[in-house]
Amino acid sequence: MDKLEPSPRAAKRKPSAELFLELWLFRARWLMAPFYVGLVFALAALFFVFVQAAIKDLSHLGDMSPEAAILMALTLIDLSLAGNLLLIVIFSGYENFVSKIDTGDDEDRPGWMGTVDFSGLKLKLVASIVAISAIALLKAFMELAEGQDISDRHLAWLVGIHLVFVVSGVLLALMDWLASKTEKS
């Protein structure tokens, strides 16, 4: 006995208007590409600010106190974290929403590229924001310890904003964890 298989014509086809719409919706993802190019310009601007800050601070290296050296390092770390954050958003966003980046066999391709999904991107983004906020808070406390005049209100805002970022990050991670448990069920 031969098995009867449905003919290709028997399979239900979508109307051509629906196929056309879906094709153009899929192609619309390329509208995001200029956003990522804009973020590359933001990264270049951040690099310019980093170089300016490094030159300014390093020119006073001879008479720099240990506290001032720590503040300089924290400023440069803060800028580098912001740069890393931009790269993560550029690479992951482009690969998740526009197109895969073909780097060939380049050994310098970061291991996380192509593996960070939207959920992972959100967590990395929040973690970077928390780190940047923590550095800003630490810088304010260091400046206060050096005798600079920082108002209690300003410090309270820095602490409050940092706590909001931390709580938001924990809640986001919890939501992703709960969603992953729900998907497995």
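**Notes on a helical model**

1. Let's start at Y94. Setting aside neighbours within four places in sequence, Y94 is in contact with W30, A33, Y36, V89, S99 and I101, where contact means heavy atoms within 4.5 Å. Y94 is found in helix α3; helices here are DSSP runs of H or I with at least four residues, numbered from the N terminus. W30 sits 64 residues away from Y94 along the chain, yet their C-alpha atoms are separated by 9.4 Å.

2. A quick word on what you're looking at. This is a predicted model, in which local features need pLDDT of at least 70 and side-chain atom pairs count only at pLDDT 80 or more, while totals for chains, interfaces and linings use all residues. Residues are numbered from 1 along each chain as its sequence is written, and side-chain values use heavy atoms, with hydrogens and water left out.

3. Now for how the helices pack. Two packed helices are described by the angle between their axes and the distance between the axes. Helix α3 (residues 66-97) packs with helix α4 (residues 118-145) at an angle of about 165°, and their axes are 10 Å apart. The axes are lines fitted to C-alpha atoms, for helices over the stretch in contact, and angles run from 0 to 180 degrees between N-to-C directions. α3 and α4 are therefore roughly antiparallel to each other (the word covers angles over 145 degrees). The residues of this α3 and α4 contact split into 19 nonpolar, 5 polar and 5 charged. For these classes, Ala, Val, Leu, Ile, Met, Phe, Trp, Tyr, Cys and Pro count as nonpolar, Asp, Glu, Lys and Arg as charged, and the others, Gly among them, as polar.

4. By class, the contact of α2 with α3 has 22 nonpolar, 2 polar and 1 charged residues.

5. Let's walk along α4 itself. α4 has 28 residues and reaches 40 Å from its first C-alpha to its last, close to the 40 Å expected at 1.5 Å a residue; the expected span is 1.5 Å times one less than the number of residues. Buried residues in α4 include L121, V126, I135 and L137, buried being under 20% relative accessible area, exposed over 50% and partly exposed in between, with a 1.4 Å probe and protein chains only. Just after α4, G147 takes a positive phi of about 95°.

6. M142 lies in helix α4 and is buried, with a relative accessible area of 17%. Leaving aside neighbours within four places in sequence, M142 is in contact with E67, I70, L71 and L74. A131, also found in helix α4, is partly exposed, with a relative accessible area of 28%. A131 and D152 are 21 residues apart in sequence and 22 Å apart in space, C-alpha to C-alpha.

7. Last stop, D176. Is D176 buried or exposed? At 17% relative accessibility, D176 counts as buried. You'll find D176 in helix α5 (residues 152-184), and, not counting residues up to four places away in sequence, D176 touches S119, K122 and L123.

Terms used
Helix = DSSP H or I, 4+ residues; strand = E, 2+ residues; numbered from the N terminus. Parallel < 35°, antiparallel > 145°, perpendicular 65-115°, else oblique.
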